[in-house]
Amino acid sequence: MTDVAQHPAQQGRSLWADAWGRLRANRAAMISIYYLIFMAVICIAGPWFTPHAFNTIYQDYNRVPPSLSAYPKPEMIDQAVKDAVKRARVELDGWKEEGGKILITVSSAKPIDERMTRYIDRSSVFENAAVVDKPADGLRMTLGADIERQHFFFGTDTSGRDLLTRTLIAGRVSLSIGLLAGLVAVVIGVLYGATAGFIGGKTDEVMMRIVDVLYSLPFIFFVIMLVVFFGRNFVLMFLAVGAVLWLDMARIVRGQALSIRRQEYVQAAEALGVTRTGILLRHIVPNLLGPVVIYMTLLVPQVIILESFLSYLGLGVQEPMSSWGVLISQGAKNIPSANWLLFFPSFFLTSTLFALNFVGDGLRDALDPKDR
Amino acid sequence: MLRYILKRFLTAVPTLFVIVTISFFLMRVAPGGPFNQEKGLNPVIKANLERVYHLDQPLWKQYLLYLWNLLHGDFGPSYNLPDFTVAELFAQGLPVSMQLGGSALVLALLIGGCLGIIAALYQNHTADYAVIATATAGSTIPTFVIAPLFQLFFALTLKWFPVGGWGDGAFINKVGPVLTLMLPQLAVVARLMRGSMIESLRSHHIRTARALGLSDYAIIIRHALRGALLPIISYGGPAAAALVTGSIIVETIFSIPGVGRYFVEAALNRDYTLVMGTVVVIAIFTILFNLIVDVLYAVVDPRVRYD
């Protein structure tokens with residue numbers, strides 16, 4: 001009997017090779033896959049290459065609009081000088097800029113302490129402040145400082161943090177939550193559904209009733225309770241979200257397992273005396289994998305939306321960490337004054353969800369040729 | 001049919017009971033309580049408050065008491081909004097949420113249905129691709145992105161609509177919330193309708209109808225549409241239940257005084273009675289709409305019989 005298997009007269013195409021060929025032919029899906037890879041790479045590697053850390057606060061750059069040219073803009077220097085000098089409690093006599101350097105002249109009724117350069121340094125616009133000239137009486141002083149050139153391609157948020165870096169960091173969080181929680185949901189769902197489907201009978205009945213009951217509970221109630229239990233812990237949040245989303249997976253897998261078990265090829269294999277494990281590995285698992293993979297690609301965007309939703313409500317990721325949902329909720333609160341805070345994170349989130357959807361549709365077409 | 005409906009109402013009772021029981025105990029296992037937030041609340045006052053609301057009694061007694069009151073239609077007082085009973089809060093908020101959700105549902109079904117039919121009739125043409133693109137956009141862009149974008153463009157830039165508020169139910173205040181509630185549903189309905197319509201148009205009875213020389217209108221509306229409605233109906237039930245019980249996102253962003261906001265706030269504040277009230281109301285709507293779905297099934301598809 002084993003002889004038959006050892007004579008591959010013609011190399012057959014496996015399910016996966018076949019599916020891969022069909023997927024490659026689907027242009028929207030392939031572009032989406034490349035886009036997702038691109039998105040993952042810039043989110044993972046990007047924050048190391050942006051000139052700012054995600055939690056650095058630039059006091060003088062609150063809500064500055066996105067710009068390709070460097071900050072500070074000429075009109076901002078004046079304000080920054082005035083602010084810094086005011087904090088030092090001395091009078092500003094004048095300032096002039098030459099070649100990336102600034103010369104500030106100050107005066108005071110009392111002798112000026114040279115340590116006041118620190119007040120200039122503390123501003124995010126200047127650095128390396130030093131005394132250039134100080135007359136003997138100490139009532140006047142001229143300071144020199146370098147103007148620090150900063151790029152904020154996406155602008156800054158309400159606390160003066162670079163939005164580009166924050167969006168990329170948020171992308172790391174959102175994408176990894178999507179993958180991790182999706183994985184948790186798939187693992188629980190597949191195990192549960194497969195067990196119910198294979199054992200069948202009374203066990204199946206009871207297990208599926210439990211799923212029905214959990215289904216009829218308002219979903220958001222469940223999530224909130226889990227969040228309350230686990231506190232606002234980052235990793236536990238993944239698990240909680242994943243633990244809520246496994247219900248669909250369990251139903252799908254159970255249905256599939258039940259129907260595959262009754263297929264003729266499984267009966268044929270049984271008649272030929274193939275062992276239970278053999279049937280499981282050779283027939284049932286490969287046929288289950290299709291729907292599982294498809295459902296997982298559709299689950300990941302669902303998880304990302306759910307995470308964003310929770311973060312939007314303030315239940316998810318906490319400051320100074322960030323996710324796309326957190327950024328969008330901050331953006332939504334600032335639309336009249338700073339619409340870029342809403343625009344950039346929304347674009348990142350939405351385009352990723354789009355791409356994931358196209359990949360999911362492409363996989364469904366590729367793995368399930370009946371359904372076309 | 002009437003017997004079937006009655007039977008369904010009877011089976012709804014144990015379902016509701018299970019839901020109430022699970023949520024009651026789930027809520028109570030969670031750490032914290034309704035009077036824990038206020039800093040430095042005098043322990044004597046706290047004890048008094050808890051006695052008034054029977055929170056000092058053993059859990060099983062509280063549970064029985066809650067069931068007893070619920071059976072008499074008493075949802076209890078709200079702990080965090082002490083001027084109102086839960087029933088009053090719903091009496092005020094539910095009509096608002098139902099109005100918005102209902103309009104959104106009807107519009108989504110009508111427009112989404114039409115778009116789906118058009119896409120199916122012109123399969124693989126420009127119109128079809130346009131509908132698919134709209135549907136994909138509608139179902140992937142989250143509500144909390146659409147709603148602020150709507151405010152940004154139509155309220156702040158073009159000044160066509162107010163940014164938010166209920167305005168005693170003025171039409172102009174409802175446009176934004178209804179549109180943002182509608183769009184995701186419309187997308188799903190259009191997709192479902194397209195798929196099932198394509199399938200329905202391929203079936204034998206449509207071929208027969210064409211052979212008999214019926215007009216396009218009669219074929220599409222009277223014959224193909226009927227068969228294509230089933231997936232829409234089964235999607236519409238749960239969607240309707242979710243829509244009429246309010247959306248926290250839309251109601252918060254547009255400052256709408258509906259019931260959608262209560263759930264999350266109440267759960268976070270351990271406002272036990274309000275949470276339970278919301279769970280019960282949502283469950284009742286879900287059960288009701290599931291029943292309507294099953295009845296509609298029988299109306300649309302004569303093969304479905306419930307005797």
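**Close-up views of chain B and its contact with chain A**

Figure 1. The buried residues of H11(B) pack against H8 of chain A and, within chain B, against H4, helix H10 (248-253) and H12. These buried residues are B:Gly260, B:Arg261, B:Tyr262, B:Phe263, B:Val264, B:Ala266 and B:Ala267. Because seven of the nine residues of helix H11 (residues 260-268) are buried, the helix is largely enclosed by the rest of the structure. After H11(B) comes B:Arg270, which has a positive phi, near 55 degrees.

**Figure 2. The crossing of H4(B) and H12(B).** The axes of H4(B) and helix H12 (residues 272-300) of chain B come within 10 Å and cross at roughly 50 degrees. That angle makes H4(B) oblique to H12(B), and the crossing of the two helices is right-handed. On the side of H4(B), the contact is made by B:Val86, B:Leu89 and B:Phe90. H12(B) contributes B:Thr273, B:Leu274, B:Gly277 and B:Val281 to this contact. Sorted by class, the contact of H4(B) with H12(B) has five nonpolar, two polar and no charged residues.

Figure 3. Is B:Ser97 buried or exposed? With 26 other C-beta atoms within 10 Å, B:Ser97 is buried, because a residue counts as buried if 20 or more such atoms lie within that distance. Leaving aside residues up to four places away in sequence, B:Ser97 touches B:Val244, B:Thr245, B:Gly246, B:Gly258, B:Val259 and B:Gly260. One of these, B:Gly260, is also among the buried residues of H11(B). B:His54 is 43 residues from B:Ser97 along the chain, and the C-alpha atoms of the two residues are separated by 31 Å.

**Figure 4. The side of chain A that touches chain B.** The contact between the chains takes 28 residues from chain A and 26 residues from chain B. Five helices of chain A each supply at least two residues of the side that touches chain B: H7 (201-216), H8 (219-230), H12 (276-312), H13 (324-333) and H14 (340-367). Which helix gives the largest share of this side of chain A? The largest share, seven residues, comes from H14(A). By class, the side of chain A that touches chain B has 22 nonpolar, six polar and no charged residues.

Figure 5. The C-alpha atoms of chain B fill a box of roughly 85 × 60 × 30 Å along the principal axes. Chain B has 307 residues, of which 37% count as buried. Among its contacts between residues at least 6 apart in sequence, 73% join residues at least 24 apart.

**Figure 6. Confidence of the prediction.** Chain B has a mean pLDDT of 83, and 97% of its residues reach 70 or more. Among the elements of chain B, helix H4 (residues 86-121) has the highest mean pLDDT (90), whereas helix H2 (residues 43-52) has the lowest (78). Where pLDDT is low, the predicted coordinates should not be read in detail. The model scores ipTM 0.73 and pTM 0.78.

Note on methods:
Residues are numbered from 1 along each chain as its sequence is written. Chains are lettered from A and ligands numbered from 1 in the order in which they are written. This is a predicted model: local features need pLDDT of at least 70, side-chain atom pairs count only at pLDDT 80 or more; totals for chains, interfaces and linings use all residues. Two residues are in contact if their C-beta atoms, placed from the backbone, lie within 7 Å. Helices (H or I, at least four residues) and strands (E, at least two) are DSSP runs, numbered from the N terminus. Ala, Val, Leu, Ile, Met, Phe, Trp, Tyr, Cys and Pro count as nonpolar, Asp, Glu, Lys and Arg as charged, and the others, Gly among them, as polar. A residue is buried if 20 or more other C-beta atoms lie within 10 Å of its own, exposed if 12 or fewer, and partly exposed in between; C-beta atoms are placed from the backbone. pLDDT is the predictor's confidence in each residue, from 0 to 100. Axes are lines fitted to C-alpha atoms, for helices over the stretch in contact, and angles run from 0 to 180 degrees between N-to-C directions. Angles under 35 degrees count as roughly parallel, over 145 as roughly antiparallel, 65 to 115 as roughly perpendicular and the rest as oblique. A crossing is left-handed if the near helix is turned anticlockwise from the far one by less than a right angle, and right-handed if clockwise.
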